[in-house]
There are 2 protein chains.
Amino acid sequence: MLSIGEFSQLTHLSIRTLRRYHDAGLLEPARVDETSGYRYYDTEQIPVAQVIHRLRELDVPLVDVHRILRTPDPDTRGALVAEHLRRLEDQLERTRAAVASLQRLLRPEPTRLDVELRRVPAMPVAAVAADVGHDEVLDWYPGAMAELEAAVPHPAGPPGGLYDNELFTDGRGHALVYLPVSEPPTSSGRVRAVTLPAVELAVATHPGDHDTIDVTYGELGSWVADHTLAVAGPVREIYLVGPRHTTDPTRWRTEIGWPVFPVAAADRSG
Amino acid sequence: MLSIGEFSQLTHLSIRTLRRYHDAGLLEPARVDETSGYRYYDTEQIPVAQVIHRLRELDVPLVDVHRILRTPDPDTRGALVAEHLRRLEDQLERTRAAVASLQRLLRPEPTRLDVELRRVPAMPVAAVAADVGHDEVLDWYPGAMAELEAAVPHPAGPPGGLYDNELFTDGRGHALVYLPVSEPPTSSGRVRAVTLPAVELAVATHPGDHDTIDVTYGELGSWVADHTLAVAGPVREIYLVGPRHTTDPTRWRTEIGWPVFPVAAADRSG
DNA sequence: CGTCGGCCCTCCCGCCGCGGGAGGGTCAAG
DNA sequence: CTTGACCCTCCCGCGGCGGGAGGGCCGACG
């Protein structure tokens with residue numbers, strides 16, 4: 001029987017941390033003295049403590065550590081761990097992208113931005129919509145678009161999305177992805193027939209992957225702000241060239257459409 | 001002049017976050033209405049906001065972001081950013097190591113551990129000591145050892161270290177690294193002449209780099225606990241083969257010496 | 001000119017995993 | 001039996017963000 005201090009020395013986990021793991025039900029001491037409350041551990045618990053230690057080094061939340069430890073089946077457990085490793089890799093990828101983008105931002109080369117004012121008529125589409133958080137969008141998008149493509153084998157144009165402004169201001173809001181159709185589709189699963197309203201858009205094209213799309217957003221937004229206009233509705237994105245066309249992200253083309261009030265009405269002299 | 005909501009849409013930073021950055025002095029609005037407190041931003045602030053966004057994606061703390069933004073000289077600023085990238089790489093390295101170690105821990109193969117009881121006489125050494133935190137040790141060690149090696153060109157044995165138990169139980173404590181000498185060295189810099197006390201050690205050898213050294217610690221500790229004895233003083237490490245000998249970490253050999261009360265006295269029948 | 005809905009304000013709380021510290025009980029060696 | 005090391009619980013703080021309450025401000029309408 002090891003006291004908490006001895007166990008701490010054997011596992012290199014601090015006493016405080018061991019107590020916390022006890023409270024969280026992660027690492028129950030082999031025996032707890034009823035009157036004094038003293039915790040006593042067993043040498044067999046050392047490997048368990050080390051597994052916890054490793055998982056924490058990987059920033060696995062305590063609840064997930066709990067889940068993993070509770071899982072008896074090694075395969076399922078392996079899958080849970082693998083899932084976390086996948087997320088770590090995703091994060092690494094995002095880190096790499098952020099580094100690259102940061103370096104570009106710090107060496108500012110004047111980017112010439114072509115902005116086009118475009119009148120878009122009302123458009124019948126097949127759509128999948130949801131209320132999502134800002135950081136859930138990337139997880140939500142692929143499934144929604146896959147369902148759309150299955151339901152609409154012959155779209156009448158490139159896919160797109162509408163993103164409510166609250167998504168950015170509040171970090172949560174309404175998002176909708178669509179495929180244009182020539183005639184209204186039948187609803188199935190999450191797919192619905194929707195008619196997008198006509199709008200006037202200020203459009204800029206973002207080249208490449210979406211890691212730096214906020215830069216183009218900012219440039220387009222500056223242009224819109226500098227040329228008057230107020231924003232009128234959710235931002236639109238149109239995926240002219242995307243992962244469906246080429247695996248080379250540098251070839252992707254995404255149009256960003258910023259809805260504005262029609263130019264005639266934007267003359268505010270009245 | 002952009003309201004905070006408009007600016008939020010342009011930068012994809014939430015309103016709350018923008019307010020926080022204002023409070024932290026990171027991103028001062030171009031104008032703040034005195035009576036209403038309304039924040040108004042300028043389109044020129046968009047790139048600044050995006051730099052902040054990128055740095056935060058890299059988990060750079062707000063205070064450091066502040067430092068970086070305040071730095072006018074691009075070279076110094078680049079150095080600060082590079083420093084953070086270096087830390088990211090270190091962390092990545094540790095993550096990699098933790099993953100590897102975790103996989104080994106989850107596929108437990110019975111490790112046969114050779115433990116030797118060894119009586120170590122008092123030993124004159126040149127030593128560098130400090131009070132350090134658990135996670136500062138790795139940063140502190142190289143400099144201390146380099147200073148030692150400069151002061152002791154012809155050591156009388158392999159280098160080693162003594163680590164107080166509080167270092168693990170409290171996360172902070174006394175650490176000492178040494179080089180054995182044949183006669184007491186003169187003090188210089190942080191180097192001091194010290195005589196290590198005689199002890200009885202339970203010794204196990206840890207092969208390879210130190211990423212998994214806690215596993216060996218645990219195994220040795222189990223052995224000590226299962227064979228009686230109480231711990232008597234700081235743990236010792238002896239670096240038989242280390243980075244000074246070979247760059248191949250798999251060849252490293254580190255002895256872990258767990259001080260125990262002399263075996264005769266460990267008979268607790270009295 | 002008043003009203004109303006949307007925007008913005010400040011202030012406080014919660015989250016996670018950990019450390020710090022207060023205040024007090026327990027254990028074992030002398 | 002005393003002493004000092006050890007252990008206990010409980011509360012607070014950190015950093016960066018979100019949630020929510022409670023209340024002013026703005027501008028487009030009637």
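Within the largest nonpolar core, which comprises 51 residues, the members that touch the most others are A:Ile52, B:Ala126, B:Leu148, B:Val177 and B:Trp258. A nonpolar core is here a set of buried Ala, Val, Leu, Ile, Met, Phe, Trp, Tyr and Cys residues joined through C-beta atoms within 7 Å; a residue is buried if 20 or more other C-beta atoms lie within 10 Å of its own, exposed if 12 or fewer, and partly exposed in between, with C-beta atoms placed from the backbone. Residues up to four places away in sequence being left out, A:Ile52 touches A:Tyr21, A:Leu26, A:Leu27 and A:Val65. Another core, of 50 residues, lies apart from it and includes A:Tyr163, A:Ala204, B:Leu55 and B:Val60.

The model is predicted: local features need pLDDT of at least 70 and side-chain atom pairs count only at pLDDT 80 or more, whereas totals for chains, interfaces and linings use all residues. Residues are numbered from 1 along each chain as its sequence is written, and chains are lettered from A and ligands numbered from 1 in the order in which they are written.

The contact between the chains takes 45 residues from chain A and 45 residues from chain B, two residues being in contact if their C-beta atoms, placed from the backbone, lie within 7 Å. On the side of chain A that touches chain B, two or more residues each come from H1, helix H3 (45-57), helix H5 (74-106), helix H7 (166-169) and helix H8 (213-226) of chain A. Helices (H or I, at least four residues) and strands (E, at least two) are DSSP runs, numbered from the N terminus. H5(A) provides the largest share of this side, 11 residues. By class, the side of chain A that touches chain B holds 22 nonpolar, 17 polar and six charged residues; Ala, Val, Leu, Ile, Met, Phe, Trp, Tyr, Cys and Pro count as nonpolar, Asp, Glu, Lys and Arg as charged, and the others, Gly among them, as polar.

DNA strand D is surrounded by 22 residues, of which A:Ser3, A:Gly5, A:Gly37, A:Arg39 and B:Pro61 are the closest; a residue is near a molecule or strand if its C-beta atom, placed from the backbone, lies within 6 Å of it. Helix H1 (4-11) and helix H2 (15-23) of chain A, together with helix H2 (15-23) of chain B, each give two or more residues to this surface. The most, three residues, come from H2(B). Around DNA strand C there are likewise 22 residues, and A:Pro61, B:Ser3, B:Gly5, B:Gly37 and B:Arg39 come nearest. Here the elements with two or more residues are H2 of chain A together with helix H1 (4-11) and H2 of chain B, and H2(A) supplies the largest share, three residues. The surface near DNA strand D has six nonpolar, eight polar and eight charged residues; the surface near DNA strand C has six nonpolar, eight polar and eight charged residues.

In chain A, A:His12 is found in the loop between H1 and H2 and has a positive phi of about 65° although it is not a glycine. Most residues other than glycine have a negative phi. A:His12 is partly exposed, with 19 other C-beta atoms within 10 Å. In chain B, B:His12 occupies the loop between H1 and H2, has a positive phi of about 65° and is partly exposed, with 19 other C-beta atoms within 10 Å.

Chain B contains an open sheet of eight strands in the order S4-S9-S11-S10-S6-S7-S5-S8, with antiparallel pairing; two strands pair if DSSP finds at least two bridges between them. Strand S4 (116-120) and strand S8 (192-196) of chain B each have a single partner strand and stand at the edges, so one side of each lacks a neighbour in the sheet. Neighbouring strands of this sheet are turned by 35° against each other on average, direction ignored. Strand S10 (residues 235-241) and strand S11 (residues 253-260) of chain B pair in the antiparallel sense over five bridges, with B:Val241 opposite B:Arg253 in S11(B).

In chain A, strand S5 (residues 123-133) and strand S7 (residues 172-180) pair in the antiparallel sense over nine bridges, and the bridge partner of A:Val132 in S7(A) is A:Gly173. Strand S6 (residues 160-163) of chain A pairs with S7(A) in the antiparallel sense over four bridges, where A:Gly161 has A:Val177 as its bridge partner.

Definitions and conventions: Axes are lines fitted to C-alpha atoms, for helices over the stretch in contact, and angles run from 0 to 180 degrees between N-to-C directions.
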